[in-house]
Amino acid sequence: MYVCICKGITEKQVREAVTSRNSNNPKEILKALGVGTDCGTCVEDAVKTLIEQSARTPIEMKDTSNKS
Ligand code: FES
């Protein structure tokens, strides 16, 4: 099912982006896919899909400390 008709992005692609990018940052993922960059009507549904998938996918916490 299409989430973003303007860009031809499916729900499956949004879910895969969450998993493959190991991120749950909606802004980052939607921007990378181009979702919401045209008419913008898809953003709410895309974010819902993204949040659902994030809840199912454990996200590894990156160690950003600067240990030396
Ligand atoms: S449906 Fe996604 S930008 Fe128009």
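With 14 C-beta neighbours inside 10 Å, threonine 37 counts as partly exposed. The model that holds this residue is predicted. Its protein chain has 3 helices and 2 strands. Along the sequence they follow the pattern β-β-α-α-α. Of the 68 residues of the protein chain, 24% count as buried.

**Two loop residues**

- Threonine 37 sits in the loop that joins helix H2 (26-33) to H3.
- Cysteine 6 lies 31 residues from threonine 37 along the chain, yet 8.5 Å separates their C-alpha atoms.
- Isoleucine 5 has 11 other C-beta atoms within 10 Å, so it is exposed. The cut-off for exposed is 12 or fewer.
- From isoleucine 5 to aspartate 38 the C-alpha distance is 9.7 Å, while the sequence separation is 33 residues.

**Contacts along the chain**

- Take the contacts in the protein chain with a separation of 6 or more: 55% of them join residues 24 or more positions apart.

- Four residues of H2 are buried: Pro26, Ile29, Leu30 and Leu33.
- Seen down the axis of H2, these buried residues fall within an arc of 95°, so they line one face of the helix.
- On the other side of H2, the exposed residues are Lys27, Glu28, Lys31 and Ala32.
- What covers the buried residues of H2? The cover includes strand S2 (9-10), H1 and H3.
- Glycine 34 follows H2, and its phi is positive, near 85°.

**H2 against H3**

- The axes of H2 and H3 are 11 Å apart, and the two helices pack at an angle of about 120°.
- The crossing of H2 past H3 is right-handed.
- On the H2 side, Pro26, Ile29 and Leu30 make the contact. On the H3 side, Val43, Ala46, Val47 and Leu50 make it.
- How do the residues of this contact of H2 with H3 divide by type? There are 7 nonpolar, no polar and no charged.
- Pro26, Ile29 and Leu30 are also among the buried residues of H2.

**H1 against H3**

- Helix H1 (residues 11-21) and helix H3 (residues 43-56) have axes that come within 9 Å. They cross at roughly 45°.
- H1 and H3 are therefore oblique to each other.
- H1, too, passes H3 in a right-handed crossing.
- H1 supplies Glu11, Val14, Arg15 and Val18 to the contact. H3 supplies Ala46, Thr49, Leu50, Gln53 and Ser54.
- The residues of the contact of H1 with H3 comprise 4 nonpolar, 3 polar and 2 charged.

**H3 between its two partners**

- Ala46 and Leu50 of H3 take part in the contact with H1. Ala46 and Leu50 also take part in the contact with H2.
- Thr49, Gln53 and Ser54 are among the H3 residues in the contact with H1.
- Val43 and Val47 are among the H3 residues in the contact with H2.

Notes
Residues numbered from 1 in each chain as written. Predicted model: local features only at pLDDT ≥ 70, side-chain atom pairs only at ≥ 80, totals over all residues. Axes fitted to C-alpha atoms, helices over the stretch in contact; angles between N-to-C directions. Parallel < 35°, antiparallel > 145°, perpendicular 65-115°, else oblique. Left-handed = near helix turned anticlockwise from the far one by under 90°. Contact = placed C-beta atoms within 7 Å. Nonpolar A, V, L, I, M, F, W, Y, C, P; charged D, E, K, R; others polar. Buried ≥ 20, exposed ≤ 12 C-beta atoms within 10 Å, placed from the backbone. Arc of directions from axis to C-beta.
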